Amino acid sequence: MNAILVAIAGIAVFALGYRYYSKFVAERIFRLDPNYVTPAHKYNDGVDFVPTNKFVLWGHHFSSVAGAAPILGPAIAVYWGWGPAFLWVILGTVLAAGVHDFGTLALSVRNKGQSIGTIAEKFIGKRGKILFLFIILTLLLMVNAVFAWVIANLFISYPASVIPVFIQIPLAILIGYSAYKRNMKMLIPSLIALAIMYGAAILAAEVPVLQIDLVQYMGGEDGAGIFGLGAVSSAFFIWIMILLIYVYFASTLPVWKLLQPRDFINSHQLSVGLLILYAGLLFTNPEITAPITNPDADVSWLPLLFITIACGAISGFHGLVSSGTSSKQLDKETDARFVGYFGAVGEGILALISIIAVVTLFNSTADFNAAYGSFADASAGGLNNFVEGAALLAGGLGIAPHIATTIVAIIVVSFAATSLDTSVRLMRYIVSEIGVEYNINALTNKHVATTITVGASAALVLLPEGPQGFGSGGYLIWPLFGTSNQLLAGISLLLISIWLKKRGINYAVTLIPMIFLMFMTLYAMFTQVFLEWSWFGNDSNTLLFVLGSIIFVFAVWIIVTAIQALSGKFDDELKKHDEQ
Amino acid sequence: MLESVKKLIRYYEEVLEMPHRTEVARELRDEDDLFLLLLYSEMIGIPNPVYYYTLELYPHIIEDFHDWHLRMGMEKSPLTGIRCC
């Protein structure tokens with residue numbers, strides 16, 4: 001099968017979804033009003049609430065939601081063949097993610113630009129807020145563990161990417177400083193920074209001395225490492241420690257010093273990446289060698305496919321961005337359709353190219369089957385396959401393969417590092433918020449909160465024995481990451497449904513994806529937690545069992561709450577809020 | 001052609017500048033709030049040795065003060081001495 005045709009088919013469905021389905025949802029379901037005074041106008045303060053042009057807002061919204069997750073999920077999920085992954089990305093984006101991202105934006109705009117957490121408290125009471133807080137907490141913990149491992153893995157597999165990634169840090173600080181203190185424009189300096197990074201990448205790819213290969217330093221794969229670990233495990237340990245120390249500092253510094261200018265440079269990388277991959281696809285015109293389905297899978301696609309691809313099909317994290325920042329900057333209510341729905345489409349396009357990069361990488365179906373022999377192989381090798389596949393596409397533009405792999409690895413590491421930075425920072429805020437809520441003063445201290453955050457993440461990534469040996473605990477919990485992300489999306493869809501019900505509008509458009517998500521999540525959780533990780537399971541693991549059980553209880557709790565909410569139990573509470 | 005490329009670059013720059021502009025505005029606003037606290041500290045019971053000199057600044061920052069108490073969720077000025085609204 002020709003990959004360009006698949007890409008065109010996918011994009012055509014996205015286009016139809018945007019053109020017709022989102023229009024239907026905007027006009028008939030959410031009933032957006034162009035004359036509604038949005039929070040951006042009502043509370044315009046020049047900081048958080050600023051009316052913004054819809055195209056600019058879309059760009060910002062998209063770059064906030066796009067990260068390493070829509071690349072990683074599909075790269076693993078093609079294990080079940082490219083067909084299921086493709087269909088879930090396409091249909092998930094059009095029918096679930098678009099409505100979810102768009103809906104959270106519209107809901108927040110109609111609720112003073114408040115975030116989903118605050119709206120949950122308003123709609124379902126304190127229980128809703130606590131539920132929400134804990135799910136976000138577990139979600140962030142998993143992001144930390146997964147991405148710390150992902151970055152360490154890429155550093156070990158592509159040692160040439162280390163120096164360019166680390167060069168970015170001083171460059172970002174320099175740009176942040178000159179922009180903030182000297183009011184300089186950021187565009188040109190950030191482009192120069194990007195050029196320096198890619199220059200360093202080319203140099204490092206050519207000159208082996210510049211490749212920081214820890215495994216090699218310890219005498220190759222069979223060499224002795226530290227603390228009695230093997231060389232590879234030691235390399236993971238060292239990289240993960242360095243990363244965690246780095247995020248400690250990155251998340252306690254003011255945002256403008258490091259995080260913001262780094263994001264600025266990384267946004268260029270997002271554009272460069274997408275452009276190179278889609279242009280490369282046109283020039284290389286590759287054939288898909290992966291099978292359309294995999295009948296010999298050792299793990300069933302149902303329900304795990306829907307958990308493995310979260311971002312790229314539907315992700316609760318998007319609701320946080322929609323209701324956290326984008327809703328405060330929406331100029332007109334009708335812009336929500338473009339910003340929210342088309343933002344999800346952008347993410348779908350990223351996931352689509354991730355699928356294509358992986359399924360066109362191999363020379364034959366046999367090679368693909370060898371690389372994707374088991375789900376564990378797929379989980380561990382998925383991202384590296386994406387890097388190789390993407391480099392192959394970039395090769396169509398005349399970029400040498402070893403340079404292309406280094407640059408793609410840098411792009412993925414940068415995305416993952418941004419997610420890691422942001423999530424450690426957010427988690428520290430939540431730990432502090434819990435401290436305020438329960439009067440534990442120590443938790444409100446920045447450094448205490450960060451130490452707890454980083455410590456818990458380190459424990460999660462280092463303690464469980466993953467399929468790839470020491471340090472791969474992050475990969476084991478990837479399905480858990482998907483689950484909590486989907487749960488979050490489930491809550492948001494529930495809140496939108498309650499909102500629609502309150503207005504007397506048919507809410508099937510949000511209820512059906514919610515039921516679907518909840519069913520798949522519970523199903524996946526049940527098989528994973530009770531049949532795999534419990535004491536009588538095949539793969540007993542106390543830590544994951546406890547963590548999984550907590551999320552499972554949350555899921556059941558949400559479903560009970562959902563039934564209560566939709567049967568009108570919280571109507572009095574809502575009325576009380578409305579009167580206030 | 002050149003005009004549309006320029007427009008595209010302007011758009012691109014605006015997208016990327018957006019979060020940064022917010023963050024810088026927030027930092028500046030926090031600094032202003034601190035400054036405001038120093039000026040009005042006497043009114044909330046913190047002794048201020050240069051109170052008489054800072055009095056002169058009141059007319060210049062009265063608008064900022066108004067924005068501040070609105071932002072803090074107070075519809076009317078919380079300080080009886082300052083009647084901005």
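The largest cavity in this predicted model has a volume of about 170 Å³. Residues are numbered from 1 along each chain as its sequence is written, chains are lettered from A and ligands numbered from 1 in the order in which they are written, and side-chain values use heavy atoms, without hydrogens and water.

A word on terms. On a 1 Å grid over the protein atoms alone, a cavity is a set of points where a 1.4 Å probe fits but cannot get out; a pocket is an open set with protein on both sides within 12 Å along at least five of seven lines; and lining residues have an atom within 4 Å of a point. Grid points are joined across faces, edges and corners, and a volume is the space filled by probe spheres set on the points.

By this rule there are five cavities of 30 Å³ or more. Eighteen residues line the largest cavity, and those nearest its centre are Gly273(A), Leu274(A), Leu277(A), Val408(A) and Ile411(A). By class, the lining has 16 nonpolar, two polar and no charged residues. Here Ala, Val, Leu, Ile, Met, Phe, Trp, Tyr, Cys and Pro count as nonpolar, Asp, Glu, Lys and Arg as charged, and the others, Gly among them, as polar.

The second largest cavity has a volume of about 120 Å³. Of its 13 lining residues, Val165(A), Ile169(A), Tyr246(A), Arg262(A) and Ala417(A) are the closest to its centre. Its lining divides into 10 nonpolar, two polar and one charged.

I turn to the second largest pocket, with a volume of about 790 Å³. Among its 26 lining residues, the closest to the centre are Trp58(A), Leu270(A), Ser271(A), Leu274(A) and Tyr12(B). Which element gives the most to this lining? It is α12(A), with nine residues. The lining holds 20 nonpolar, six polar and no charged residues.

Finally, the aromatic rings. Rings of Phe, Tyr and Trp (its six-membered ring) pair if their centres lie within 6.5 Å; planes under 30 degrees apart count as stacked, over 60 as edge-to-face and the rest as tilted. Over all chains, the structure holds 35 aromatic pairs. In one of them, the ring centres of Trp82(A) and Phe86(A) are 5.9 Å apart and the planes stand at 70°, so the pair is edge-to-face. Both Trp82(A) and Phe86(A) are buried, where buried means under 20% relative accessible area, exposed over 50%, and partly exposed in between (1.4 Å probe, protein chains only).

Phe338(A) and Phe342(A) are stacked, at 5.3 Å centre to centre with 15° between the planes. They lie four residues apart in helix α15 of chain A, about one turn. Phe338(A) counts as buried at 12% relative accessibility, whereas Phe342(A), at 26%, is partly exposed. Both belong to one aromatic cluster that also includes Tyr18(A) and Trp58(A). The charged end of Arg337(A) sits over the ring of Tyr18(A), 4.6 Å from its centre; the rule asks for NZ of Lys or CZ of Arg within 6 Å of the ring centre and within 35 degrees of the ring normal.

How values were computed
Predicted model: local features only at pLDDT ≥ 70, side-chain atom pairs only at ≥ 80, totals over all residues. Helix = DSSP H or I, 4+ residues; strand = E, 2+ residues; numbered from the N terminus.
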